[in-house]
Amino acid sequence: MRGSSAYRLENITVRHGERVVLQLPTFEVAAGEVLCLIGPPGAGKSTLLRLLAGLQSPTHGTMWLGDQRFGESAPLALKRLVTLVFQRPLLLTGTVRSNVEYGLRIRGEKDAASRTMAMLERVHLTHLADRAASAISGGEAQLVALARALAFAPQVLLLDEPTNNLDPARVALVEEVVLADHRERGTTVVWATHNHFQARRAGQRVTLLLDGKLVETAAAADFFDQPRDPRAAAFVQGKMVY
C-alpha cells in the first residue's frame with residue numbers, strides 16, 4: 001500500500017444517542033506513514049481508532065482500507081490486515097507465551113512458536129514466556145499485547161495510547177519497537193497519544209481532534225513549530241481549548 005492511501009473516510013458521523021462524538025467530512029491516512037492523533041480526553045481519538053479497526057460502524061459515512069470499502073461491517077479479510085492495541089490490554093488465561101502464540105495458531109501459522117519467541121525477545125520479555133499472564137505487571141501486560149499484535153505482521157497497526165501508564169524506560173521501548181517494525185515492513189501506524197513529545201518523536205504527521213472534529217493535520221515539525229489553527233497553537237502550548 002506504500003505510496004497510496006491506507007484509509008479514506010468520507011462524510012463520517014458517529015452518534016451516541018443524540019450526541020455526535022465524531023464528525024469527519026474527510027480523513028485520510030497515507031500508506032506506510034506514522035500518523036499521530038492527539039487531543040484531550042473525549043476528543044474522539046478512540047472512536048476513530050475503533051472505526052479504522054472495523055470494531056465499530058459509523059452512523060453515517062463510508063470508509064475504505066486501500067481499495068476495500070467498508071462501513072456497516074468490516075469483512076474478516078480486512079480485519080486480518082489490521083491490529084489494534086488498546087490502552088488497557090486484555091490478556092487470555094494461560095502463559096505469556098500462549099497469549100502471543102494463540103492468534104497465530106488459530107490462523108494456522110506454521111512458525112507460530114518461533115515467531116512468538118522472536119516477538120517476546122523484541123519486547124525484552126523472553127524471561128517471562130512461561131509465567132502466567134495473570135501474574136505479570138500492567139506494564140509487562142502492555143508489552144505482551146504489543147508483541148501479540150506485531151506477531152501477526154499486520155499491514156496497519158493502530159495504537160490507543162499504549163504507553164499511557166508506562167514508566168519512561170518502557171515508553172522508550174514501545175516507541176523503539178513500533179518504529180523499528182515500521183521501518184522494516186513499511187507498516188502503516190495510527191497512534192493516539194496525549195503526549196506531545198511522543199507525537200513529535202514518533203509521528204511523521206500529526207492530527208489534532210477536538211470535540212470529535214478534525215482541527216488540523218500537518219507534518220509533525222510544522223504542526224508543533226508553526227500550527228496554522230489558533231486552537232492547535234493553544235493546544236501545543238498546553239492551554240485548554242474547546
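Me: Why is Ala180 called buried?

Reply: This is a predicted model, and in it Ala180 has a relative accessible area of 14%. Buried means under 20%, so Ala180 is called buried. The residue is found in helix H6, residues 168-185.

Me: What makes the contact between Glu184 and Arg122 a salt bridge?

Reply: The side chains of Glu184 and Arg122 meet at 3.2 Å, N to O. A salt bridge requires such a nitrogen and a carboxyl oxygen to be within 4 Å, so the pair qualifies. Glu184 lies in helix H6 and Arg122 in helix H4 (residues 112-122), so the bridge ties together parts that are 62 residues apart in sequence.

Me: Why does Glu184 count as exposed, and why is Arg122 called partly exposed?

Reply: Glu184 has 53% relative accessibility; exposed means over 50%, so Glu184 counts as exposed. Arg122 has a relative accessible area of 28%, which falls between the cut-offs of 20% and 50%, so Arg122 is partly exposed.

Me: How do you know that Asp229 counts as buried?

Reply: Asp229 has 16% relative accessibility, and the limit for buried is under 20%; therefore Asp229 counts as buried. Its side chain meets that of Arg231 in a salt bridge of 3.0 Å, N to O. Arg231, at 37%, counts as partly exposed.

Me: Why is helix H5 described as largely enclosed by the rest of the structure?

Reply: In H5, 13 of the 14 residues are buried, so the helix is largely enclosed.

Key
Residues numbered from 1 in each chain as written. Predicted model: local features only at pLDDT ≥ 70, side-chain atom pairs only at ≥ 80, totals over all residues. Heavy atoms only, no water. Buried < 20%, exposed > 50% of the residue type's maximum accessible area, 1.4 Å probe, protein only. Helix = DSSP H or I, 4+ residues; strand = E, 2+ residues; numbered from the N terminus.
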